[in-house]
Amino acid sequence: MPLTDLIRYFNTADNASGSMLYPDGARAAAWCNGLRLSSLFQPIVDLREERIVGHRASLRAVRDDGTPIDGDAAYALCGDAAAVV
């Protein structure tokens, strides 16, 4: 399924929360209670094997004015963890 169709599907299915997904380049991001939410993936490297063995995912949250906030503050502002997810 193309990303735009997936975004449209989730926005239609979740019309009660006030959150909204939107395309951000080749990824999807979300708007929730005045925050722009997206994911940040960092590689986990096995130094002995010199290869990537996985990725660590973190929440990236930015206020309307561009000020970043930490993930815990974003979860607190969005009501509950389920609303953010």
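1. The largest nonpolar core has eight residues, namely Ala30, Cys32, Leu35, Leu37, Ala61, Ile69, Ala74 and Cys78. Strands β2 and β3 are the elements that give two or more residues to this core. A nonpolar core here is a set of buried Ala, Val, Leu, Ile, Met, Phe, Trp, Tyr and Cys residues joined through side-chain atoms within 4.5 Å. Buried means under 20% relative accessible area, exposed means over 50%, and partly exposed is in between (1.4 Å probe, protein chains only). In soluble globular proteins, nonpolar side chains tend to be buried together.

2. On provenance: this is a predicted model, in which local features need pLDDT of at least 70 and side-chain atom pairs count only at pLDDT 80 or more, while totals for chains, interfaces and linings use all residues. Residues are numbered from 1 along each chain as its sequence is written, and side-chain values use heavy atoms, with hydrogens and water left out.

3. The sheet is open and has five strands in the order β1-β2-β3-β4-β5, with antiparallel pairing. Its edge strands, β1 (20-24) and β5 (68-69), each pair on one side only. Helices (H or I, at least four residues) and strands (E, at least two) are DSSP runs numbered from the N terminus, and two strands pair if DSSP finds at least two bridges between them.

4. Strands β1 and β2 run antiparallel and are joined by five bridges; Asp24 has Arg27 in β2 as its bridge partner. The two strands form a hairpin with two residues between them, and Gly25 in the turn has a positive phi of about 70 degrees.

5. The pairing of β2 with β3 is antiparallel and covers three bridges, with Trp31 opposite Arg36 in β3. Here too there is a hairpin with two residues between the strands, where Asn33 in the turn has a positive phi of about 50 degrees.

6. Strand β3 (residues 35-46) pairs with β4 in the antiparallel sense over twelve bridges, and Leu40 stands opposite Ser58 in β4. Four residues lie between β3 and β4 in their hairpin, and Glu50 in the turn has a positive phi of about 55 degrees.

7. Strand β4 (residues 51-63) pairs with β5 over two bridges, in the antiparallel sense. Ala61 has Ile69 in β5 as its bridge partner, and Val62 stands opposite Pro68 in β5. This hairpin has four residues between the strands, with Gly66 in the turn at a positive phi of about 95 degrees.

8. Ile52 lies in strand β4 and counts as partly exposed, at 49% relative accessibility. Leaving out residues up to four places away in sequence, Ile52 touches Pro43, Ile44 and Val45 (contact means heavy atoms within 4.5 Å).

9. Helix α1 (residues 3-13) lies across β1 and β2 (27-32), running at about 165 degrees to β1. Axes are lines fitted to C-alpha atoms, for helices over the stretch in contact, and angles run from 0 to 180 degrees between N-to-C directions.

10. The count of salt bridges is one, where the rule asks for a side-chain nitrogen of Lys or Arg within 4 Å of a carboxyl oxygen of Asp or Glu. Arg8 forms a salt bridge with Asp5, and the closest N and O atoms are 3.0 Å apart. Arg8 and Asp5 are three residues apart in helix α1, so about one helical turn separates them. Asp5 is partly exposed, with a relative accessible area of 31%.

11. The count of aromatic pairs is one. The rings of Tyr9 and Phe10 have centres 5.2 Å apart and planes at 75 degrees, so the pair is edge-to-face. Rings of Phe, Tyr and Trp (its six-membered ring) pair if their centres lie within 6.5 Å; planes under 30 degrees apart count as stacked, over 60 as edge-to-face and the rest as tilted. Phe10 is partly exposed, with a relative accessible area of 41%.
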